[in-house]
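The sequence and structure come first.

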Amino acid sequence: MQSLRLGNFWSVTRRLRHGWVILLAFLLGGCHYDLYNQPKDKTYDPSSFFADGRGSRPNVPGAVQANRVQTDTYLYTGLINGAKADVMPFAVNRALLARGQAQFNIYCAVCHGEAGNGQSAVAQRGGIIPANFHQPRLRVAPLSHFFVTITNGVYRGDTANNGYQSMFSYASRITPEDRWAIAAYIRALQLSQNATLDDVPPDQRATLGQ
Amino acid sequence: MGQIFPRNANLLARLSIFAAVLLIVELTLILTVYFRSNYYRQINVAIQQPVPYSHQLHAGTLGIDCRYCHVSVDKSYFANIPATETCMTCHSQIRTGSTKLTVVRDSYATGQPVSWQKVNRVPSFVYFNHSIHINKGVGCSECHGKVTEMPVVWQPQAFFMGFCLNCHRNPENFLRPRDQVFNLNYIHPANQVELGQKLVQEYGVMPKTQLQNCWVCHR
């Protein structure tokens with residue numbers, strides 16, 4: 001009897017009756033994460049396709065950002081015929097100064113301090129001496145001096161003799177328009193730190209010290 | 001040949017049918033809970049990085065703004081991981097001999113990027129855009145928590161669709177003034193709904209009906 005049952009094990013009816021197991025196996029085999037982890041490179045994803053292992057490709061040398069054709073040389077370099085100038089490339093209004101203040105407090109105040117006097121938590125802890133914007137040399141510097149410095153950074157000393165980049169370029173982090181806004185705000189800061197009573201409108205003087 | 005099972009074994013057979021159904025239900029529940037758990041999703045688990053960089057020190061104690069390093073967060077769909085050059089802006093002069101910064105200095109010398117590990121993950125079918133949220137008054141800390149208190153950063157909550165919809169259904173409960181977006185210690189005021197409704201108008205946030213469309217997040 002038992003041998004007969006074993007013989008039935010692979011019978012056609014039995015196979016049909018248990019076909020759902022195979023069907024379920026196929027269905028579960030269809031479960032996959034392709035939608036969750038799509039075979040595409042998102043920002044910063046590693047890639048085995050490129051030799052350097054990076055999914056994001058570096059800029060091709062000479063590439064120009066869309067709508068950023070640099071025809072206005074003063075706007076992008078801060079130089080007129082190779083010399084710094086004391087004018088803005090576009091009009092200054094209150095909104096621009098507010099923008100300059102916001103950007104200054106993000107990128108510059110870290111070292112130079114919110115008052116621009118070269119005192120900050122980073123400077124104190126790190127033992128560096130950032131420039132004080134209220135020193136006579138910088139108070140008489142042309143406006144575009146600040147733009148050029150933000151764009152190119154500052155190199156101290158001789159290249160051959162222990163020279164070093166004391167301030168890095170911020171050109172990759174701050175747009176040219178914002179660099180000009182910061183320059184305008186630095187000038188406003190300088191004026192604010194060296195103001196006299198005569199700079200206050202007469203009808204506002206009573207509110208001082210309140 | 002005699003009977004192997006006694007007659008009352010029929011009861012066991014019937015019970016085992018119920019047990020099987022129960023088992024399937026339980027397994028489904030257990031697996032669902034497991035795959036949604038913070039344990040499986042590594043929520044609140046600090047992700048070790050190749051450089052022992054501390055947000056607590058830099059963003060907290062020193063008070064460096066988020067955007068000093070994550071420049072593109074208000075301009076682009078992704079918040080950039082800073083280039084090695086950004087680290088070296090300060091660390092070419094500060095703590096130049098520190099062994100903790102060896103990886104950074106090597107990266108700057110060779111041009112090979114530091115392989116930072118991703119902390120906050122969303123599935124490939126979610127197209128999250130940082131800049132639109134920042135510019136409409138959604139604070140960093142709504143999703144990322146108080147990063148200023150994290151020596152090593154972790155993801156403070158799972159980004160399920162429900163988490164996103166919670167805000168997309170009622171943006172007025174979460175919006176804050178633009179100048180407070182990067183303030184990680186911001187506490188929503190008592191009149192948040194009133195303020196939020198004003199900000200929804202002022203910042204031109206999409207109407208709620210559109211904000212919940214599939215295409216807002218999925219393409």
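How many helices and strands are there in chain A? Chain A has nine helices and four strands, and the model it belongs to is a predicted one. Chain B, by contrast, has eleven helices and zero strands.

**Chain A**

- From the N terminus on, the elements of chain A run α-α-α-α-β-β-α-α-α-α-β-β-α.
- The radius of gyration of chain A is 33 Å, whereas a compact globule of 210 residues would have one near 17 Å.
- Along the principal axes, the C-alpha trace of chain A spans about 120 × 50 × 40 Å.
- Of the 210 residues in chain A, 17% are buried.
- When contacts in chain A between residues at least 6 apart in sequence are taken, 50% of them join residues at least 24 apart.

**Chain B**

- Read along the sequence, the pattern of chain B is α-α-α-α-α-α-α-α-α-α-α.
- A box of roughly 95 × 50 × 35 Å, taken along the principal axes, is filled by the C-alpha atoms of chain B.
- Buried residues account for 16% of the 219 residues in chain B.
- For chain B, 72% of the contacts between residues at least 6 apart in sequence join residues at least 24 apart.

**Helix α5 of chain A**

- Helix α5(A) covers residues 94-112, which is 19 residues.
- The end C-alpha atoms of α5(A) are only 23 Å apart, short of the 27 Å that a straight helix would reach at 1.5 Å a residue.
- A kink of about 50° in α5(A) is centred on Asn105(A).
- The buried residues of α5(A) are Gly100(A), Gln103(A), Phe104(A), Ile106(A), Tyr107(A), Cys108(A), Ala109(A), Val110(A), Cys111(A) and His112(A).
- These buried residues pack against α6 (121-126) and α9 (176-193) of chain A, and also against α4 (66-69) of chain B.
- Just after α5(A) comes Gly113(A), with a positive phi of about 85°.

**Contact between the chains**

- In the contact between the chains, 19 residues of chain B meet 19 residues of chain A.
- On the side of chain B that touches chain A, the elements that give two or more residues are α4 and α5 (84-91) of chain B.
- α5(B) gives the most to that side, with four residues.
- By type, the residues of the side of chain B that touches chain A are eleven nonpolar, five polar and three charged.

**Largest nonpolar core**

- The largest nonpolar core has 37 residues, and those that touch the most other members are Tyr107(A), Val110(A), Ile182(A), Ala183(A), Tyr185(A) and Ile186(A).
- At least two residues of this core come from each of α5, α8 (143-152) and α9 of chain A and α4 and α10 (192-203) of chain B.
- α9(A) gives the most to this core, with eight residues.
- Which residues does Ile182(A) touch, not counting residues up to four places away in sequence? They are Gly100(A), Gln103(A), Phe104(A), Cys108(A), Phe146(A) and Ile150(A).

Definitions and conventions
Residues numbered from 1 in each chain as written. Chains lettered and ligands numbered in written order. Predicted model: local features only at pLDDT ≥ 70, side-chain atom pairs only at ≥ 80, totals over all residues. Buried ≥ 20, exposed ≤ 12 C-beta atoms within 10 Å, placed from the backbone. Contact = placed C-beta atoms within 7 Å. Expected span 1.5 Å × (residues − 1). Bend = angle between axes of the 7 residues up to and from the residue. Nonpolar A, V, L, I, M, F, W, Y, C, P; charged D, E, K, R; others polar. Rg over C-alpha atoms; globule rule 2.2 N^0.38 Å. Core = buried A, V, L, I, M, F, W, Y, C linked by C-beta atoms within 7 Å.
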